[in-house]
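Reader: I am new to this structure and would like to learn how to read it. Could you walk me through it, one feature at a time?

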Amino acid sequence: MENVTLNVSGMSCGHCVNAVEGNVGKLAGVESVKVHLDAGKVDVAFDKEKVSLEKIKETIDDQGYDVE
């Protein structure tokens, strides 16, 4: 299991948290996702054999947030 913390800008409210956690959490291979709104960070635990880090970043980007 791979664990990463991503810096994500543009998140400002509960809807942002739900959009990121809900959509990333639906990806096959993602075990857990936790948004830290105040810090602008997202922790993701995933199986790199099933889903790539790029796919996770792309999913966050598709929700309208910038992944650094």
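Author: Gladly! Keep in mind that this is a predicted model. Let us begin with the inside: the largest nonpolar core has 20 residues, and Val 44 and Ile 56 have the most contacts inside it.

Reader: Which elements give two or more residues to this core?

Author: They are the strands β1 (2-9), β2 (30-36) and β3 (41-46), together with α1 (14-25) and α2. The most comes from α1, which gives five residues.

Reader: Which parts does the pair of Lys 48 and Glu 2 tie together?

Author: Lys 48 lies in the loop between β3 and α2, while Glu 2 lies in strand β1, so the pair links parts that are 46 residues apart in sequence. As for cover, Lys 48 counts as exposed because its relative accessibility is 56%, whereas Glu 2, at 30%, is partly exposed.

Reader: And what does Glu 58 form with Lys 55?

Author: Those two form a salt bridge as well, with their closest N and O atoms 3.6 Å apart. Glu 58 and Lys 55 are separated by about one helical turn because they sit three residues apart in helix α2. Each is partly exposed: Glu 58 has a relative accessibility of 42%, and Lys 55 has 36%.

Reader: One last residue, please. Where is the place of Lys 50, and is Lys 50 buried or exposed?

Author: Look in the loop between β3 and α2 for Lys 50. To call a residue exposed, you need over 50% relative accessible area; Lys 50 is exposed, at 62%. Also compare sequence with space here: Lys 50 and Gly 29 are 21 residues apart in sequence, yet their C-alpha atoms are 4.9 Å apart.

Technical notes
Residues numbered from 1 in each chain as written. Predicted model: local features only at pLDDT ≥ 70, side-chain atom pairs only at ≥ 80, totals over all residues. Heavy atoms only, no water. Core = buried A, V, L, I, M, F, W, Y, C linked by side-chain atoms within 4.5 Å. Buried < 20%, exposed > 50% of the residue type's maximum accessible area, 1.4 Å probe, protein only. Helix = DSSP H or I, 4+ residues; strand = E, 2+ residues; numbered from the N terminus. Salt bridge = Lys/Arg side-chain N within 4 Å of Asp/Glu carboxyl O.
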